[in-house]
Amino acid sequence: MSLTASELSFVLAHPSSLSDAASLPLTKKSMVADVAHLKETYGDNARALVEVALARRSAVAKFSAARAEQWIMDSDSVQQATPQVVAEFRAAHLLSLGVRDVVDVTCSVGTELAALAAAAAGSGQAAPAALAAPSAPSGQAGVGAGFQRIIGGDLDPQRVRMARQNVPDVPAIVMDALRPALSASVLAPGTVVLADPARRTSSGRVTKLSDLRPRLEDLAAVYNEQGIDTAIKCAPGIDYTEFDGQVDVVSVDGNVKEACLYTPGLSQCGRRAVMLGVASGQQEIIDDHMPEQDKVAEVGKYIVDPDGAVVRAGLVRHYAAKHGLWQLDERIAYLTGPAVPPGRRGFEVLEQVPFKHLRKALVARGIGAVEILVRGVDINPDEVRKKWKLKGSEEASVVVTRIGDKAWAFICRAVRG
């Protein structure tokens, strides 16, 4: 839930109260007693303290521990926030393109602003004189070290107040993304605008560019027609086939998080798969300018299920070429070859059988616990496992796929490159 203006004012004025809330279990079982305890000291503001405390706990899945413990945010803003590692990648990418002025017109609580500021501070470039945003509160100046100017804006006044608290060195103002309260000297060619349109409507998750709110064409009319490039964050399942520019499909630890649409002035290619690893610190990028592998052949020593970012970006053959792999079937994303890409999960093939003979083969190997991966064959892994009623003591991974017009199964051992 969101914080009201009065609740946020209390939280900002009484930071120690958040420590009191954070010390409580705040579980379903304890919630009534915890809220009652907080009400004894903080009255009606107890709800706000619980809201911030729970938001901080959920934020650890997206943010560093330090940020999750210190930032002011609510559950809605955390749910909508860009993962920190993704925002940091984007900031570094914009800096590498020579971008100097950035305006985040949907800044929310400041995730992108913090990443931009950190990229500027770590760029090693001399900082020019700070440039404050028009109408920005006194004492808030633009960050400049690599980036000349960083400004945030949001339609929600409370989100803006939280952004100012979370990223105090970057100015943030209340404004409509389609009616930016900024002068022509700020919104000029050379400035890059970041935007994160709403990804859900009353009908559910948005899958078409035309359903974004604000609409892509409206954002283009405000910015692109003035020569201002934009980077638009979208849900990863969006249909971006008609977009004229670069699309980055980004995953974190194997989970696809977003598609970012860069207008032609920021484009270096048509499509990129960006794979970021938080735990491993690894980063891999595949783009459509890289060579493709057209080979389709029988299974090799290993099967590799490419990262979802690679699949959604349509770069399976490019990924295969980079890592010396090939496809089992030209219509299916599974790859195979003599080795698993470094740091990636793969499957060492132990046996190949027609799918209809799979249960018999598993029983013969004494397999009772099985992980099932499927592409191109209409089966439900949970239903299949329940139907098989395997009782062996061994474990295995099974890759089920269609090759030509036949369903095949590969009994495998999971490995990591």
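Which residues in α2 meet which residues in α4? In this predicted model, the α2 side of the contact consists of Ser-17, Leu-18, Ala-21 and Ala-22. On the α4 side, the partners are Leu-49, Val-52, Ala-53, Arg-56 and Arg-57. By class, the contact of α2 with α4 has 6 nonpolar residues, 1 polar residue and 2 charged residues.

The geometry of this pair can be stated briefly. Two packed helices are described by the angle between their axes and by the distance between those axes. Helix α2 covers residues 15–22, and helix α4 covers residues 46–59. They pack at an angle of about 65°. Their axes are 9 Å apart. Angles of 65 to 115 degrees count as roughly perpendicular, so α2 is roughly perpendicular to α4. The crossing of the two helices is right-handed.

The chain as a whole was examined next. It has 417 residues, of which 50% count as buried. The chain contains 14 helices and 18 strands. Its C-alpha trace spans about 75 × 55 × 40 Å along the principal axes. Contacts between residues at least 6 apart in sequence were also considered. Of these, 69% join residues at least 24 apart.

Backbone angles come next. Most residues other than glycine have a negative phi. Leu-26 has a positive phi, near 55°. This residue sits in the loop between α2 and α3, the latter covering residues 31–42. Is Leu-26 buried or exposed? Its relative accessible area is 6%. Buried means under 20%, so Leu-26 is buried.

Ser-108 also has a positive phi, of about 50°, although it is not a glycine. Its place is the loop between β1 and α8. Strand β1 covers residues 101–104, and helix α8 covers residues 111–121. The relative accessibility of Ser-108 is 14%, so Ser-108 counts as buried.

One annotated span was also examined.

Technical notes: Residues are numbered from 1 along each chain as its sequence is written. This is a predicted model: local features need pLDDT of at least 70, side-chain atom pairs count only at pLDDT 80 or more; totals for chains, interfaces and linings use all residues. Side-chain values use heavy atoms; hydrogens and water are left out. Axes are lines fitted to C-alpha atoms, for helices over the stretch in contact, and angles run from 0 to 180 degrees between N-to-C directions. Helices (H or I, at least four residues) and strands (E, at least two) are DSSP runs, numbered from the N terminus. Angles under 35 degrees count as roughly parallel, over 145 as roughly antiparallel, 65 to 115 as roughly perpendicular and the rest as oblique. A crossing is left-handed if the near helix is turned anticlockwise from the far one by less than a right angle, and right-handed if clockwise. Contact means heavy atoms within 4.5 Å. Ala, Val, Leu, Ile, Met, Phe, Trp, Tyr, Cys and Pro count as nonpolar, Asp, Glu, Lys and Arg as charged, and the others, Gly among them, as polar. Buried means under 20% relative accessible area, exposed over 50%, partly exposed in between (1.4 Å probe, protein chains only).
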